[in-house]
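Here's a quick briefing to read alongside the model. Have the sequence and the 3D view open as you go.

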Amino acid sequence: LAFTCNHVISVDLDPAKVALAEHNASIYKVRDRIDFIACDFLKLSPFYVDCVFLSPPWGGPNYTYRKRFNCETMMYPPLSKLLQHARKFSNNIAILLPKNVDAEQIASYALPSETLEI
């Protein structure tokens, strides 16, 4: 994202992952375009951003053995809770989800005023 966006704010619960992301950003010479925050996204006070990109944990590799990935029962926090909080930051939300995600479930999260692409 830092290659295409003017500024990126990266949030992760794990300080070790934040440190690794900072290191990688330095290697790719985009460190000056990224603010790193080590905290629980759900506890982060909202502020306006152009877009929120969510890459939630999928619960390990076992998701590949399921026919359909359920975003409420197979990941924590559930996607509905992440979306509810993300909407406080922006109306533009992108989410990285596994290929076996239940498309109907994802469609059910969209509000009437929102556009959805899967």
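This is a predicted model: local features need pLDDT of at least 70, side-chain atom pairs count only at pLDDT 80 or more; totals for chains, interfaces and linings use all residues.

A quick word on exposure first: buried means under 20% relative accessible area, exposed means over 50%, and partly exposed is in between (1.4 Å probe, protein chains only). Residues are numbered from 1 along each chain as its sequence is written, and side-chain values use heavy atoms, with hydrogens and water left out.

**Salt bridges**

- The structure holds two salt bridges, each being a side-chain nitrogen of Lys or Arg within 4 Å of a carboxyl oxygen of Asp or Glu.
- R31 pairs with E22, and their closest N and O atoms are 2.9 Å apart. E22 is partly exposed, with a relative accessible area of 27%.
- E114 and R87 meet in a salt bridge at 2.8 Å, N to O. This pair links distant parts of the chain, with E114 in the segment after α3 (103-109) and R87 in the loop between α2 and β4, 27 residues apart.
- E114 counts as partly exposed at 25% relative accessibility, and R87 counts as partly exposed at 24%.
- Helices (H or I, at least four residues) and strands (E, at least two) are DSSP runs, numbered from the N terminus.

**Aromatic pairs**

- A search of the whole structure finds five aromatic pairs. Rings of Phe, Tyr and Trp (its six-membered ring) pair if their centres lie within 6.5 Å; planes under 30 degrees apart count as stacked, over 60 as edge-to-face and the rest as tilted.
- F3 and Y28 sit edge-to-face, 6.3 Å centre to centre with 90° between the planes. F3 lies in the segment before β1 and Y28 in the loop between α1 (15-27) and β2 (34-38), so the pair ties together parts that are 25 residues apart in sequence. F3 and Y28 are both exposed.
- F47 and F89 are edge-to-face too, at 5.2 Å centre to centre and 85° between the planes. F47 is in the loop between β2 and β3 (52-54) and F89 in the loop between α2 (79-86) and β4 (93-95), so this pair ties together parts that are 42 residues apart in sequence.
- F47 counts as partly exposed at 31% relative accessibility, whereas F89 counts as buried at 4%.
- Ring pairs link F41, F47 and F89 into a cluster.

**Largest pocket**

- A pocket here is an open set of points on a 1 Å grid over the protein atoms alone, where a 1.4 Å probe fits, with protein on both sides within 12 Å along at least five of seven lines; lining residues have an atom within 4 Å of a point.
- The largest pocket is lined by 41 residues, and I9, S10, V11, F53 and S55 lie nearest its centre.
- β1, α1, β2, β3 and α2 each supply at least two residues of that lining.

- The peptide bond from Y76 to P77 is cis, with omega near -5°. P77 is found in the loop between β3 and α2.
- K29 has a positive phi of about 60° although it is not a glycine. K29 sits in the loop between α1 and β2 and is exposed, with a relative accessible area of 68%.
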